[in-house]
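Hello,

Here is the structure I promised to pass on to you. Have a look at it first, and then read my notes below.

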Amino acid sequence: MKKMSLSLRFGLVTSAVLIAYFLVLGLFDLHKNPLFSLFNSVITGFGIYEVIRLRKLQNINSFSYGEGFKTGVFTGVIATLIFTTFFNLLYRNRSKLFTRTHKFHERELQH
């Protein structure tokens with residue numbers, strides 16, 4: 001059970017960092033530049049590396065390559081699914097979001 005909870009925890013943290021990075025890029029309108037998207041793989045890779053490292057430290061005598069591989073894959077899948085779900089929800093609602101933002105700015109300009 002610990003393997004699942006550790007991978008789940010690191011998957012959640014990794015996805016939170018990915019979402020935060022995307023939102024920060026969005027503030028500066030840099031989220032459209034594909035070069036910045038390459039850093040997503042660095043964030044995901046670091047999250048996977050850390051969960052495997054911690055798993056090995058917890059089970060130093062019984063740790064195997066197979067266990068490390070499963071831990072890394074599970075963590076990566078969780079992080080990717082959560083980030084993709086967030087991204088799809090944002091994309092579906094972007095017209096509503098941008099319409100509200102545009103109307104807000106129009107009102108501010110009129111005052």
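What follows is a short tour of the helices, the aromatic rings and the salt bridges. Please keep in mind that this is a predicted model.

**Helix H2**

Let's start with helix H2, which covers residues 34-58. With 25 residues at 1.5 Å a residue, H2 should span 36 Å, and its end C-alpha atoms are 37 Å apart, which agrees. At the start of H2, Asn33 places a side-chain oxygen within 3.0 Å of the backbone nitrogen of Leu35. The buried residues of H2 are Asn40, Ile43, Thr44, Gly47, Glu50, Val51 and Arg55. Two of these, Glu50 and Arg55, come back below as salt-bridge partners.

**Aromatic rings**

The count of aromatic pairs comes to five. One of them is formed by Phe22 and Phe86, in an edge-to-face arrangement with 6.3 Å centre to centre and 80 degrees between the planes. This pair links distant parts of the chain: Phe22 sits in helix H1 (residues 2-27) and Phe86 in helix H3 (residues 65-92), 64 residues apart. Phe22 is buried, at 14% relative accessible area, while Phe86 is partly exposed at 21%; the cut-off for buried is under 20%.

Another pair is Phe83 with Phe87: the ring centres are 6.3 Å apart and the planes meet at 35 degrees, so the pair is tilted. Both residues lie in helix H3, four residues apart, about one turn of the helix. In an α-helix there are 3.6 residues a turn, so residues three or four places apart point the same way. Phe83 is buried at 14% relative accessibility, whereas Phe87 is partly exposed at 36%. Ring pairs join Phe22, Phe83, Phe86 and Phe87 into a cluster.

**Salt bridges**

How many salt bridges does a search of the whole structure find? There are three.

- Lys32 bridges to Asp29, with the closest N and O atoms 3.6 Å apart. Lys32 is exposed at 61% and Asp29 is partly exposed at 48%.
- Arg53 bridges to Glu50, with the closest N and O atoms 2.8 Å apart. Both are in helix H2, three residues apart. Arg53 is partly exposed at 38%, but Glu50 is buried at 17%.
- Arg55 bridges to Glu67, with the closest N and O atoms 3.9 Å apart. Arg55 belongs to helix H2 and Glu67 to helix H3, so the pair ties together parts that are twelve residues apart in sequence. Both residues are buried.

Enjoy exploring it!

Best wishes

Technical notes: Residues are numbered from 1 along each chain as its sequence is written. This is a predicted model: local features need pLDDT of at least 70, side-chain atom pairs count only at pLDDT 80 or more; totals for chains, interfaces and linings use all residues. Side-chain values use heavy atoms; hydrogens and water are left out. Helices (H or I, at least four residues) and strands (E, at least two) are DSSP runs, numbered from the N terminus. The expected span of a helix is 1.5 Å times one less than its number of residues. Buried means under 20% relative accessible area, exposed over 50%, partly exposed in between (1.4 Å probe, protein chains only). A polar contact is a pair of N or O atoms within 3.5 Å; within protein, one must be able to donate a hydrogen and the other to accept it, and residues adjacent in sequence count only if both atoms are side-chain atoms. Rings of Phe, Tyr and Trp (its six-membered ring) pair if their centres lie within 6.5 Å; planes under 30 degrees apart count as stacked, over 60 as edge-to-face and the rest as tilted. A salt bridge is a side-chain nitrogen of Lys or Arg within 4 Å of a carboxyl oxygen of Asp or Glu.
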